[in-house]
Each structure stands twice: as C-alpha cells, then as structure tokens.
Amino acid sequence: MKLFAILFSWISACLLPSHAVQAQQEPIVIRFSHVVAADTPKGKAAVRFKQLAEEATNGRVRVQVYPNSELYRDREELEALQLGAVEMIAPSLSKFGPLGVREFEVFDLPFLFPDEAALHRITNGPIGAGMLQRLRLKGVIGLAFWDNGFKSFSANRPLLAPSDLTGLRLRIQPSRVLDAQMRALGAQPMTMRFGEVYAALEAGVVDGTENPPSNFYTQGMQDVQSHFTVSNHGYLGYAVIVNRKFWEDLPSEVREALEEAMRKATAYAASISQAENDRALNAIRASGKTQVHVLTETERQAWKKALSAVSVEMEDVIGRQLIADIRRTIGTR
C-alpha cells in the first residue's frame, strides 16, 4: 500500500500542468532598499520596477520595496548589498567613489551637463555602460542609471552670488568633487547621511544643502530653509545595482525578464524626473515658507566661473581622459 501511495503521488505530480507546479514553488524575493521618500522620482521608479518585474515573471519574482532608509541608511546599504543582506539598491552616483570606483564622481562635477539630453548621451551610451561594467569587480552588477534631476542650493539667507555661501556649513554626500566644490565657494562641506539632514538643519548643525526640488520638498526642508536658489549646478542620479552572486545564480529566463522590466522602469524614471521636480518646486513656492530665486543667465555665469577650477583640480581623481571623453561626446569644452 505504501508503494502504491508513493507511485500515485509521483504520477499525479507528473500529470500536474506546469503552471500548477510553478505555483507550488517559492517565489524569488528581491529586497529593493533605497533612502529617499516613496513619492520621489526614484521612489516611484522602484515601485514601477516592482510592478513590471512581477508581471514579466508571472509572479515568479516578488519585489519588496523599502523606501526612506527603512532597511539601511546611506553608508550601510552598499555593504549590505555586497554581503547579500539585500538584493537590490539604487545609491546616488557619489556613493561609488568611497567604494573605490572614483570615475562615478564625474557626475558630481559642477555645470558639466547643460541639460538632460546631454546627460543621457552618457548614461545611455557606451561611456555609461563601461562605467557600470566596472562595478562587477566590487561584487555588484550595474543594471541602469536612474535620473533624479539637477541640484539647487538652499540656506537661511539669500544665495544670489557665489560669495553668499562663504562661511556656511553645507551638507554634502561623500564625494571629493563635492568637497572641492563647496570649498571653491568658501563654504564648509559636511558629509552627512541623507536621512539625518532635516534634523541637522533644524538644530543648526548645518546651514544649507544642495538638492533637486523633489528631495528638498519630500523631506520637508521648506520648514527649515528660508531660501532656495534654482542653480541647476550639478546632477543627482542613481545607479540601480544588484548583488552579483544573486544575479548570476538566477535562471536565465528570469534574468532576461528582469532586464526587460528594468529597461522599462528606467525609461519611466527618465520620463517623470523633470515633471516631479517642477511639481515640487511649485509646492515649495506655494508653501510660503521658502523664497525661491531662479538664477539669471548673468548670475549663472558668475557661479560657473567660481566653480570652473574644480574640474581641473579633480582630473587626477576622476581621470582626465574620462572627463575629456564626456565633454567630446556632449559637445562642450
């Protein structure tokens, strides 16, 4: 009887339709951790990837999105990814310098990219692909670049000219380029986790920030910063990366489906970033708490001149050839 029962169970399993067998399998879980709010461009793109990935794999993959540092904070998430404690993150490009991939700090150079079209010629082209490929040596796979937007300065006093930053303590990400940028403006750079910035501003530990409008508004910084200058002096973007072992161990058909989902999510991120920042800037104005100043062209040229030496100073850090290749590709000098 026992033998009959075993044979019956085996035959029944063989006769089950393939989708029923698949339904019995445990789904592959991807924990996607990031440090910004869910209603930012990155936050929305992460949710879109979740939807696309689960649909493309017929539920074989489940993506769990953890925004706003719910799992890991800035400096912790890269280590957590390398250790396999989380499968996917999307750190800002400045984070890769301390990891030992200094080329990514090229995106921090002030006034390097005149607009999104020029930027995308790099992130969507061979230069960007080559940069992502270099991450494999660090135990991670680079899947895509995601946009947030161009940064602006904020403080509790008007910032119309570069000299207005003199003596201010400004929060930066861990980047030698950003450190040099603030020093060129006479400000004191202070490296700090993103999730700690609001409290630091409220307590007066730091005096100001540089952020795209979406990050500024979704963190409520309009409550603790009275002036916001639309300078668009630098770019803030992200690289979506996964643990290398996890990615390479996936069945090939699952990996291909996820790659396609990531391509669509990346296109979505690019399509919403400007609109999200425009909406946030309008909300900052409407709050009545923060005065917004948009640089005139004359003012903008004064800021560019004040920061022009940073690119030369950082050539040995980032790579002179990379900077030259980017300038040639986007048609600037």
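A residue here is called buried under 20% relative accessible area, exposed over 50% and partly exposed in between, using a 1.4 Å probe and protein chains only. Asn232, at 33% relative accessibility, therefore counts as partly exposed. This is a predicted model, where local features need pLDDT of at least 70 and side-chain atom pairs count only at pLDDT 80 or more, while totals for chains, interfaces and linings use all residues. Residues are numbered from 1 along each chain as its sequence is written, and side-chain values use heavy atoms, with hydrogens and water left out.

**The chain as a whole**

The chain has 14 helices and nine strands. These are DSSP runs numbered from the N terminus, with helices being H or I of at least four residues and strands being E of at least two. Along the principal axes, the C-alpha atoms fill a box of roughly 90 × 45 × 30 Å. Of the 333 residues, 52% are buried. Contact means heavy atoms within 4.5 Å. Among contacts between residues at least 6 apart in sequence, 75% join residues at least 24 apart.

**Two cavities**

How many cavities of 30 Å³ or more does the structure hold? There are two. A cavity is a set of points, on a 1 Å grid over the protein atoms alone, where a 1.4 Å probe fits but cannot get out, and lining residues have an atom within 4 Å of a point. Grid points are joined across faces, edges and corners, and the volume is the space filled by probe spheres set on the points. For the lining classes, Ala, Val, Leu, Ile, Met, Phe, Trp, Tyr, Cys and Pro count as nonpolar, Asp, Glu, Lys and Arg as charged, and the others, Gly among them, as polar.

| Cavity | Volume | Lining residues by class |
|---|---|---|
| Largest cavity | about 140 Å³ | eight nonpolar, four polar, seven charged |
| Second largest cavity | about 40 Å³ | seven nonpolar, three polar, no charged |

The largest cavity is lined by 19 residues, and Ser92, Arg171, Gln173, Phe194 and Leu236 lie nearest its centre. Helix H4 (74-83) and the strands S5 (169-172), S7 (209-211) and S8 (227-243) each supply at least two residues of this lining.

Around the second largest cavity sit Phe107, Leu109, Phe111, Leu112, Phe113, Phe150, Asn232, His233, Gly234 and Tyr235. Strand S8 gives the largest share of that lining, with four residues. Asn232 is itself in S8, and its phi is near 45°, a positive value in a residue other than glycine.

Asn58 also has a positive phi, near 55°, again in a residue other than glycine. Asn58 belongs to the loop between helix H3 (41-56) and strand S2 (61-66), and it counts as exposed because its relative accessibility is 66%.

**Helices in contact**

At what angle do the axes of H7 and H12 cross? The axes of helix H7 (residues 176-184) and helix H12 (residues 297-313) cross at roughly 150° and come within 9 Å. Axes are lines fitted to C-alpha atoms, for helices over the stretch in contact, and angles run from 0 to 180 degrees between N-to-C directions. On the H7 side the contact is made by Val177, Ala180, Gln181 and Ala184, and on the H12 side by Ala306, Leu307, Val310 and Glu313. These contact residues divide into six nonpolar, one polar and one charged. An α-helix has 3.6 residues a turn, so residues three or four places apart point the same way.

Helix H5 (residues 116-123) is mostly covered, with six of its eight residues buried. The buried ones are Glu116, Ala118, Leu119, His120, Ile122 and Thr123. They pack against helix H6 (126-133), strand S4 (140-155), S8, H11 and helix H14 (320-330). Leaving aside residues up to four places away in sequence, Glu116 touches Asp147, Phe150, Ser273 and Gln274.

Finally, Arg279 is in helix H11 (residues 252-287). Arg279 counts as partly exposed because its relative accessibility is 49%. Its C-alpha atom is 15 Å from that of Asn211, 68 residues apart along the chain.

How values were computed
On a 1 Å grid over the protein atoms alone, a cavity is a set of points where a 1.4 Å probe fits but cannot get out, and a pocket is an open set with protein on both sides within 12 Å along at least five of seven lines; lining residues have an atom within 4 Å of a point.
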